[in-house]
Amino acid sequence: MASKTIARPMSEQILVASVVILAIAWMVPLVWIVGLSFKNSLELVVDPNAVFRFPYTLENYADLMVTSNLGVWLRNTLIVTVTQTVLVVAISCLAGYGFARIDFPGRNLVFILVLMGLAIPQHAVIVPLHKMFNDWQMHNTFQALILPGLAGPFGVFLMTAYFRAIPLEIEEAAKLDNASRFRIFWEITLPLAVPAMATLAIFTFLHSWNDYLWPLISATRPEMYTLTVGLAATQTNIDQSEGLGYLMAQAVFAGLPMLILYIFFQKYVVRAVAGAAIR
Amino acid sequence: MTDMTSTAAGMTAAATPRLKSWSWTELLFVAPYLLLYVVFLVYPLGLGFIMSFQYFDLFAGQAEFIGLENYQQLFSDRIFQGAVVNTFKFVIFTVPTFVALGLLIALALNRQTWWAATLRTLFFASNVLSVTIVTLIWRAVYLPQKGLLQNFLDVFGIQNIALLQDPNWALQAIAVTTIWWGIGLPMVLFLAALQQIPGEIYEAAELDNASPWQTLWHITIPSIWRTVVLVTIIQIIAQFQVFGQINLMTAGGPNNSTRSMVQFVYEAGFRQWTAGFASAAAQVLFVIMIVAAGLQFWVSRRKQEF
């Protein structure tokens with residue numbers, strides 16, 4: 001009897017202790033590369049353990065501002081990400097409302113066909129998509145970077161479900177006043193859907209910001225690179241590189257905006273990512 | 001977050017109350033999306049299917065139907081066979097760890113204290129980083145001679161570790177990176193499920209003097225079984241498509257030991273520019289993904305436990 005009452009908190013403590021140790025292990029690589037980013041690269045070549053002692057320097061970050069294309073890539077990423085997010089939210093709200101409220105013939109069939117698109121992986125259409133933009137001579141443009149990202153059905157799925165959950169009665173009064181359907185949507189129903197729009201916006205933003213395969217294939221000119229592709233291009237020779245500190249400063253610079261956003265909007269980020277995974 | 005699973009509910013269109021009238025102009029609500037959907041998803045899917053039966057010269061823009069030749073070549077291709085094996089291996093290396101470790105972390109952090117909240121934030125944080133940043137970090141960790149791992153192993157007198165250059169270890173090393181990157185998602189899904197378990201069940205178990213193991217096996221796991229299955233399927237779908245980490249950390253090497261199916265499609269399509277052949281490989285990937293997605297659909301629509 002006595003052993004059992006002790007055994008319960010004991011196993012609990014072991015579990016918590018191992019997860020705390022795991023958390024430290026999780027954090028160590030991050031702390032280490034932040035440390036590297038503040039070290040003179042040549043000093044690291046001589047002795048990798050130099051990261052554990054003074055002096056630290058800001059020179060890698062200063063170099064970053066002067067020599068790298070990071071500013072251009074950041075601008076490209078912002079243009080693509082913000083445009084994609086705004087358009088996905090707008091188009092998904094419209095379509096979601098349409099599927100939820102307008103009883104056009106064949107609606108259910110069309111909706112099911114759209115839902116089936118959830119199962120199509122990006123990788124399955126990447127080769128023909130590249131060919132299409134090649135035929136249109138549109139690679140290395142913002143249109144090419146943005147357009148394919150607008151076709152995913154997740155937003156429509158999310159907004160349709162959300163609009164369906166809003167009671168129809170809310171719109172009845174306005175309907176009696178002969179307001180147009182768009183006005184009803186815009187003034188009455190849409191404001192109620194803001195939480196779902198926020199979830200969709202955060203998910204789209206994150207997804208778009210971190211997209212790798214499509215920009216890798218479509219943007220082949222360095223001035224059209226996004227951050228992910230640009231960073232990928234600079235790390236190809238990490239093994240030979242003497243600029244370890246410089247590379248890590250790039251990683252910190254590119255990762256920081258997302259981490260800050262995450263810390264401020266953590267609840268929404270987690271909900272958006274988890275919601276998109278479950279669908 | 002507690003509400004997440006219910007978003008999947010009520011998806012059958014018939015359940016919606018209907019308004020009787022509709023007009024052509026109202027189709028403008030769905031038209032923009034349907035246009036994008038058809039042009040950038042449905043059409044490429046069909047085009048890819050057709051291309052898989054063609055010999056394709058992307059630059060000359062010429063296509064020639066060659067029947068099943070791409071598929072025959074594909075299935076006798078040693079490198080493709082290797083890529084299929086590597087992909088399955090990668091799924092086996094990562095998915096059980098994602099499920100077990102995700103559940104373990106969720107069990108430990110399922111409490112309302114400041115430190116549990118901090119650790120939850122930490123475990124999910126790497127999830128928001130892009131694959132290029134993650135690989136930049138982990139290539140530095142795995143660097144021979146000056147990497148973090150070597151630094152650590154020096155303490156034990158183990159020298160000259162070069163995991164990414166070793167055909168026997170490269171895929172496992174990438175799997176570790178992947179788990180570091182993605183553990184946040186299974187963790188939050190399990191946390192959401194754990195919070196749904198009514199506390200009274202645990203109180204009853206305590207009265208019965210159930211051991212922690214008994215409680216875990218007979219109460220906790222059966223209560224969240226649906227989530228366990230769902231997380232497993234989500235991870236299988238995600239890890240089956242592994243590409244970025246591999247392309248950036250080893251580019252399929254050393255000695256083809258890390259080449260995955262998506263990596264194979266990418267190289268066939270955009271390194272060797274054999275678009276028809278690449279499309280054939282993409283069709284194989286697509287079929288496997290459809291099966292997995294169907295499974296996910298089926299599981300997530302089932303409300304009851306199984």
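**Exercises on a two-chain predicted model**

The C-alpha centres of domain 1 and domain 2 of chain A are 39 Å apart. This is a predicted model, in which local features need pLDDT of at least 70 and side-chain atom pairs count only at pLDDT 80 or more, while totals for chains, interfaces and linings use all residues. Residues are numbered from 1 along each chain as its sequence is written, chains are lettered from A and ligands numbered from 1 in the order in which they are written, and side-chain values use heavy atoms, with hydrogens and water left out.

**Exercise 1.** State the bounds of the two domains of chain A.

*Solution.* Domain 1 covers 2–61 and domain 2 covers 69–234; these bounds come from an automatic or database domain assignment.

**Exercise 2.** Describe the extent of the interface between chain B and chain A.

*Solution.* Begin with contacts (heavy atoms within 4.5 Å): 108 residues of chain B touch 106 residues of chain A. Next, take the buried area, the accessible area (1.4 Å probe) that two parts lose on being put together, summed over both. The value is about 9,800 Å², and carbon and sulfur atoms give 75% of it.

**Exercise 3.** Find the salt bridges across this interface.

*Solution.* Apply the rule: a side-chain nitrogen of Lys or Arg within 4 Å of a carboxyl oxygen of Asp or Glu.
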